[in-house]
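Here are some comments for a colleague who has the coordinates open.

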Amino acid sequence: MPASAADHRPNRPNVEISRVQYDSPGRDDHSNRSLNKEWVEITNNTRHAVNLKGWTLRSEDGHTYRFRHYRLDGRATVRVHTGQGRDTGRDVYQDRRDYVWDNRSDTATLRNDHRRFVDDTSWGHKRHGGRH
């Protein structure tokens, strides 16, 4: 789907990738602090909670985060950080020691527990659908 068509969808998806911070602010020094400034936000646009257990968030290079037991409340957002940390109601951590998202171009893809496409967003020269 062309970017222009994705930007003008008549209805927002039930669950979507709502924001991406793919270029960690400051120097990319591989510190946990820097890694955690790289993140993807996933928003539930419905009034009902969604169980994200088994859902995946994946980069073009195949880096995949699989949600464990996580319930995303209605009209709520969770931020998926790259580095290490303690999961909370609003933040979860991939527990990685290296960056996931390419600063120049990449695609973040969200799939449900049945591996069905839910949403994606792309940036850079390979942009092809979605939004951020």
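1. In what order do the four strands of the open sheet lie, and is the pairing parallel or antiparallel? In this predicted model, the order is 5-4-9-10 and the pairing is antiparallel. The edges are taken by strand 5, covering 64-66, and strand 10, covering 117-123, each of which pairs on one side only. On average, neighbouring strands of this sheet are turned by 10° against each other, if direction is ignored.

2. Within that sheet, strand 9, which runs over residues 106-111, is joined to strand 10 by six bridges in the antiparallel sense.

3. Because its relative accessible area is 6%, under the 20% cut-off, Glu16 counts as buried. The side chain of Glu16 makes a polar contact, at 3.2 Å, with the side chain of Asn45.

4. The largest nonpolar core has 22 residues, among which Ile42 and Phe67 touch the most other members. Two or more residues each come from strand 1, strand 2 (39-44), strand 7 (77-81) and strand 9, and strand 1 gives the most, with three residues.

5. Which residues surround Ile42, once its neighbours within four places in sequence are left aside? The contacts of Ile42 include Phe67, Leu72, Val78, Val80 and Leu110, and also Glu16, Ser18 and Thr77. Glu16, buried as described above, is thus listed both as a contact of Ile42 and as a polar partner of Asn45.

Conventions:
Residues are numbered from 1 along each chain as its sequence is written. This is a predicted model: local features need pLDDT of at least 70, side-chain atom pairs count only at pLDDT 80 or more; totals for chains, interfaces and linings use all residues. Side-chain values use heavy atoms; hydrogens and water are left out. Two strands pair if DSSP finds at least two bridges between them. Axes are lines fitted to C-alpha atoms, for helices over the stretch in contact, and angles run from 0 to 180 degrees between N-to-C directions. Buried means under 20% relative accessible area, exposed over 50%, partly exposed in between (1.4 Å probe, protein chains only). A polar contact is a pair of N or O atoms within 3.5 Å; within protein, one must be able to donate a hydrogen and the other to accept it, and residues adjacent in sequence count only if both atoms are side-chain atoms. A nonpolar core is a set of buried Ala, Val, Leu, Ile, Met, Phe, Trp, Tyr and Cys residues joined through side-chain atoms within 4.5 Å. Contact means heavy atoms within 4.5 Å.
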